[in-house]
Amino acid sequence: MVFATLLAAAVLSTRSYEYISLNNDDARCLDGSFYGIMVCQGAGSNGKGKWVLSFQGGGWCYNEKECAERAATALGSSATYPAVAAGKSCVETGDATTVEFAYCDGASFSGNVLKAYQYNSSFEMYFRGNRNMDVGLDYLFAHYGLANADTVIVSGGSAGGLTTFLHADHIASRLPATTRVVGNPTCGFFIDHGNDGYEASTVTYPLQMQYVYLMQNASSSLSQECQNDLGWKCIMAPHAVKYIKTPMFISQSRFDQWQLDNELFLPCLEGQSYGPPYKPGVCNATENDSIQNWGKYLMDQLNYTQLPSSWGGWVDACIIHGVSTGSIDGKTNAQAFDAWLTGNGTSHWSVFKCNGSEIAGPCNTAPDCAPFPA
C-alpha cells in the first residue's frame, strides 16, 4: 500500500496539465483565438470525487483601447496556453480533478457579445468570457464526468476571485442538486469606493467597472435578481455577495495592496513590489492614514456578520494582494479553509485583529506583507 501511494505521488509529480482547445466558434479570446482549458485529472473514476475549478486573474480592460492592447498578450489570447499547460505540474492538485480556466476576456468571465467588435479596419475583438466558461463546462460534462463530482470548489485570485463571486451560482445551477458546490475567492473583494482625491473624480474603479459592464454586455451573464435591484453595480463584489446562494469562504486582506495602488491611487505605493523584497516605506502621514481608512471601508462593505451562517473567511491585516504566510487564530489561510470545508472549525470566520480591533491596522508583520508605515 505504501509503495502504491508513493508510486501514485511520483506519477502526479511528473504529469503536466492537459491542454484542451475547445475549437468552438462561441468560445474565443479577445484576439479571436479559440479558447481552451487546462485539466489535471484526479483520482476519482468517471468524474467522482473532488473538483477544483480555478479561474485565473489578471485585472480588467476598462475600454476598447485597453482591450485591444490586452489582446496582444497572454491575457487576451490563447496562443501561449499549450506551453503554459505543459509547464504546470499536477503534483499540487492531490486527488482532486483540477481545471484551470485561463483568463482572456478582461471582464472576469462576464463578457457575452455574440458579434465581433470591429476595433479598426484590420482588427476584430471578441467579448466572450461567459461563453468561454460555459463551453468549457460543456466539455467537462461531456468528456470528464463533471456531473458525477461529489464536491466542486470554485476558486480564483484577484480578477479570478471576482469571477468566483459573480459566477459560482451559475456553475452550481448547472450541476446536480446532490453536488456540494462552494466558492473560495482570494483577494477578489474589490470594494465600491472612489479615490479620495488622489486622482481625478472621473477615474474611479466603480466607473471603470460600469464601462466594462456595458462594453461587454455583462448584463446577460450576471445575477438577474441583483440587477433588478442594483443594475450595473452587480459586477462589483460588495453588491453581488448580497444575492449569492453558493456558500463562500472569502480569503481577503482588508489592506489589499492592489486596491490601495489601483483604486485609491496612492502615489507612494506606485512601483512598490507585489512581493518581497519590498522597497522601504515612503508614504507620508496623510497617505498612511488613507491606508488605515481603507481597512475600515473594506470591513464595512464586507459586513461579514450579516453574511449567511454557512459562509466563512480569513481576513488578514497585511498589505498584500493575496494571502500572507501568517496565521490567524492558529491557522493559516489553507488550514482555515480546510477546517471550514470539513466542518471542523470552531468559527467560520478568522479575522486578524490589531490591538483587539477588526478594522485597525495594518499590523501583520509576516515577511510577505509590505511594510507599514508604508
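Biologist: Which residues do ring pairs link into a cluster?

Modeller: In this predicted model, the count of aromatic pairs comes to 22. Ring pairs link seven of the named side chains into a cluster, namely Tyr19, Tyr35, Phe55, Tyr81, Phe101, Tyr103 and Phe109.

Biologist: Are the rings of Phe55 and Phe101 stacked or edge-to-face?

Modeller: A pair of aromatic rings is described by the distance of the centres and the angle of the planes. For Phe55 and Phe101 the centres are 4.6 Å apart. Planes under 30 degrees apart count as stacked. The planes of Phe55 and Phe101 stand at 20°, so this pair is stacked.

Biologist: How many residues apart are Phe55 and Phe101 in the chain?

Modeller: Phe55 belongs to strand β3 (residues 50-55), whereas Phe101 belongs to strand β4 (residues 97-101). Both Phe55 and Phe101 are buried. The pair links distant parts of the chain, and the separation is 46 residues.

Biologist: What share of the contacts in the protein chain with a separation of 6 or more comes from residues 24 or more positions apart?

Modeller: The secondary structure of the protein chain comprises eleven helices and eleven strands. Among contacts with a separation of 6 or more, the share from residues 24 or more positions apart is 76%.

Biologist: What is the radius of gyration of the protein chain?

Modeller: The C-alpha atoms fill a box of roughly 60 × 55 × 40 Å along the principal axes. Of the 374 residues, 54% count as buried. A compact globule with 374 residues would have a radius of gyration near 21 Å, and the protein chain agrees with this, at 21 Å.

Biologist: Which residue does a cis peptide bond join to Gly361?

Modeller: Most peptide bonds are trans. The bond in question has omega of about 0° and is cis.

Biologist: Where does Pro373 lie?

Modeller: The peptide bond from Phe372 to Pro373 is also cis, with omega near 0°. Pro373 lies in the segment after β11.

Biologist: Is Asp329 buried or exposed?

Modeller: Phi of Asp329 is near 55°, a positive value in a residue other than glycine. Asp329 is found in the loop between β10 (312-320) and α11 (333-342). Its relative accessible area is 59%, and residues over 50% count as exposed; Asp329 is therefore exposed.

Biologist: What is the relative accessible area of Asp196?

Modeller: Asp196 has a positive phi near 55° and is found in the loop between β8 (180-186) and α6 (205-215). Asp196 is partly exposed, with a relative accessible area of 40%.

Definitions and conventions:
Residues numbered from 1 in each chain as written. Predicted model: local features only at pLDDT ≥ 70, side-chain atom pairs only at ≥ 80, totals over all residues. Heavy atoms only, no water. Helix = DSSP H or I, 4+ residues; strand = E, 2+ residues; numbered from the N terminus. Rg over C-alpha atoms; globule rule 2.2 N^0.38 Å. Buried < 20%, exposed > 50% of the residue type's maximum accessible area, 1.4 Å probe, protein only. Contact = heavy atoms within 4.5 Å. Phe/Tyr/Trp six-rings, centres within 6.5 Å; stacked < 30°, edge-to-face > 60°.
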